[in-house]
Amino acid sequence: MKGGLHLITFNQLRLEAESLYKSVGKLHCPALKSDVYFNSDGFHHLRYDQSRSERNKSEQKNKFLCLKSAISVIGCTTTIQEYRRVESLSRITEWFAFFAITSFSKQTRIKAIVRRVGGVGNFHFWSVMPFWNLTKDGRSVGSSDLEK
């Protein structure tokens, strides 16, 4: 029964995350000076990896729990913290990452990722993940200077 309850909780979380995701539609991102679309590709990527295999439930749960914070970050960030570009024969793909501290007390931060395919196409939400540094003292949300 315990495993069944865990599955129900996961399914409820997935449905809530999907409902939140669909309710956004698009959101203006100040850092990109453009709208970011929350299309089916982004939600699919929260559930499945690049090889189209389903992510484990724990990883999906973490992404679902971070989704609300990612939406908030994308809507207010003014700085791109990370940029990656891959050019192939057929297309250009770009990824833009935004970091945000979500809790100092729990030592957590997230990394929200927006993607653009084609170099001039629309930006769309791609992923979110918990993100922290590991130190000898445990998790750290930034440099020791930041915490002081």
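**First stop: a loop residue**

Select Phe38, which sits in the loop between strand 2 (34-37) and helix 2; helices (H or I, at least four residues) and strands (E, at least two) are DSSP runs numbered from the N terminus. This is a predicted model, where local features need pLDDT of at least 70, side-chain atom pairs count only at pLDDT 80 or more, and totals for chains, interfaces and linings use all residues. Residues are numbered from 1 along each chain as its sequence is written, and side-chain values use heavy atoms, leaving out hydrogens and water.

Is Phe38 buried or exposed? With 8% relative accessibility, Phe38 counts as buried (under 20% relative accessible area; exposed is over 50%, partly exposed in between, with a 1.4 Å probe and protein chains only). Show its contacts (heavy atoms within 4.5 Å): among them are Tyr21, Val24, Ile71 and Phe125.

**Next: two helices**

Now colour helix 2 (residues 40-47) and helix 3 (residues 57-76). Phe43, Leu46 and Arg47 in helix 2 meet Gln60, Lys63, Phe64 and Leu67 in helix 3.

Finish by selecting Arg85, Glu87, Glu94 and Arg116, linked in a network of salt bridges.

Note on methods. Axes fitted to C-alpha atoms, helices over the stretch in contact; angles between N-to-C directions. Salt bridge = Lys/Arg side-chain N within 4 Å of Asp/Glu carboxyl O. Lists of a residue's contacts leave out its neighbours within four places in sequence.
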